[in-house]
Amino acid sequence: MASNTEGPKDHWSAEAYSASASFVHSAKITGKLLTSLDPKPTDKVLDVGCGDGKFTANFLPAIESVLGIDSSASMIESANKDYASPKASFRVVDCRYLEKEASIVNGSWDKVISNAALHWILRDESTRMSTLRAIYGCLKPGGTYVFEMGGHGNVAEVKTALVCALVQQGIPVKQANETSPWFFPSDTWMRNALEEIGFKVENVELEYRPTKLTTDAKGGLEGWVRLMGAHAPGLRCAPGRDNSW
């Protein structure tokens, strides 16, 4: 997700996420992921990009323990407030640099899971493969990694409209294109990357999944754009001009 205390402002909050992106936790989206996780009472699970912990809570009763990590201090604060227990803990970790966390990347985890987070975490091309390698290094031999993220073509119409709006405001086309805060890989790219690292890939698929936005007064398309666009890189507001999303 967003930033740590040494980076840009943390725009995330459980309240804003609930208003604009609560569908991320819906059974329609998480059901297949949880089935693939197949939680067991002896499982020690690492949740990468755990956010406010609402997704983590879905499998928490069925496992031995979980550590949720996320770069947003605000979201981790919410997760600890609502879900911390003797079997669940949450820590601020910038997952782009997961390989630096020796206490986590230690081959001790039965399973690693990630829901709706990797398209943020993997946007930085310079840390993309090192992050995936670190996830591999977290797992016990024979451990399982399951994840859900935006794939190639995700929110294409909205992205195009936002780029056009920025160009209309005087932002150069190249810069406008580079403001996208996400990385949406193809299934082929992801399979090749995982196999290169050493994963035995059982299944990677792109799923067409139209999703309705929230109807909260602070949500909808406007709320979604304001929340997601707050993390767009490379934009600065010029005097007398609002270049924000």
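Is Ala117 buried or exposed? In this predicted model, Ala117 counts as buried, its relative accessibility being 0%. Ala117 belongs to the loop that runs between β4 and α5. Apart from neighbours within four places in sequence, the residues in contact with Ala117 are Val48, Gly49 and Glu148. A further spatial relation involves Met149: the C-alpha atoms of Ala117 and Met149 are 6.2 Å apart, although 32 residues separate the two in sequence.

Val48, one of the contacts of Ala117, also takes part in strand pairing, where Val48 stands opposite Ile69 of β2. The strands β1 and β2 run parallel and are paired over five bridges. On β3, the pairing with β2 is likewise parallel and comprises five bridges, with Ala88 of β3 as the bridge partner of Val66. Burial of β2 extends to six of its six residues. On one side of β2 the buried residues are Ser65, Leu67 and Ile69, and on the other they are Val66, Gly68 and Asp70, so that both faces of the strand are covered.

The largest nonpolar core contains 30 residues, among which Leu46, Ile69, Ile104 and Tyr145 touch the most other members. At least two residues of this core come from each of β1 (44-48), β2 (65-70), β4 (109-115), α5 (118-121), α6 (128-138), β5 (139-148) and α9 (187-197). The greatest contribution is that of α6, which provides five residues. A separate, second core consists of 16 residues, including Leu33, Cys50, Ile63 and Ile76. In soluble globular proteins, nonpolar side chains tend to be buried together.

The surroundings of Ile104 illustrate the packing in the largest core. When neighbours within four places in sequence are left aside, Ile104 is in contact with Leu46, Leu67, Ile69, Arg91, Val93, Leu98, Trp109 and Cys138. Two of these contacts, Leu46 and Ile69, are themselves named with Ile104 among the core residues that touch the most other members.

Helix α6 was examined next. The buried residues of α6 are Arg128, Met129, Thr131, Leu132, Ala134, Ile135 and Cys138. An α-helix has 3.6 residues a turn, so residues three or four places apart point the same way. The buried residues of α6 pack against β1, β4, α5, β5 and α9. Arg128, one of the buried residues of the helix, lies over the face of Phe183 at 3.6 Å from the ring centre.

Aromatic pairs number seven in the structure. In one of them, Trp120 and Trp182 are arranged edge-to-face, with 5.8 Å from centre to centre and 65° between the planes. Because Trp120 is in helix α5 and Trp182 is in the loop between α8 (173-177) and α9, this pair ties together parts that lie 62 residues apart in sequence. Trp120 is buried, with a relative accessible area of 10%, and Trp182 also counts as buried, at 9% relative accessibility. Phe183 and Trp189 form an edge-to-face pair as well, with a centre-to-centre distance of 5.1 Å and an angle of 80° between the planes. Within this pair, Phe183 counts as buried at 14% relative accessibility, whereas Trp189 is partly exposed, with a relative accessible area of 29%. Phe183 thus has an aromatic partner in Trp189 and a charged group over its face from Arg128. Elsewhere, ring pairs link Tyr136, Tyr145, Phe147 and Phe199 into a cluster; Tyr145 is also one of the residues that touch the most other members of the largest core.

A second residue placed over a ring is Lys44, which lies over the face of Trp109 at 4.6 Å from the ring centre. The side chain of Lys44 is also joined to that of Ser108 by a polar contact of 3.2 Å. Ser108 is located in the loop between β3 (88-92) and β4. This serine counts as buried because its relative accessibility is 17%, below the 20% cut-off for burial. Not counting residues up to four places away in sequence, Ser108 touches Lys44, Cys138 and Lys140. Of these, Cys138 is among the buried residues of α6 and is in contact with Ile104.

Key:
Residues are numbered from 1 along each chain as its sequence is written. This is a predicted model: local features need pLDDT of at least 70, side-chain atom pairs count only at pLDDT 80 or more; totals for chains, interfaces and linings use all residues. Side-chain values use heavy atoms; hydrogens and water are left out. A nonpolar core is a set of buried Ala, Val, Leu, Ile, Met, Phe, Trp, Tyr and Cys residues joined through side-chain atoms within 4.5 Å. Buried means under 20% relative accessible area, exposed over 50%, partly exposed in between (1.4 Å probe, protein chains only). Helices (H or I, at least four residues) and strands (E, at least two) are DSSP runs, numbered from the N terminus. Contact means heavy atoms within 4.5 Å. Rings of Phe, Tyr and Trp (its six-membered ring) pair if their centres lie within 6.5 Å; planes under 30 degrees apart count as stacked, over 60 as edge-to-face and the rest as tilted. A charge sits over a ring if NZ of Lys or CZ of Arg is within 6 Å of the ring centre and within 35 degrees of the ring normal. A polar contact is a pair of N or O atoms within 3.5 Å; within protein, one must be able to donate a hydrogen and the other to accept it, and residues adjacent in sequence count only if both atoms are side-chain atoms. Two strands pair if DSSP finds at least two bridges between them.
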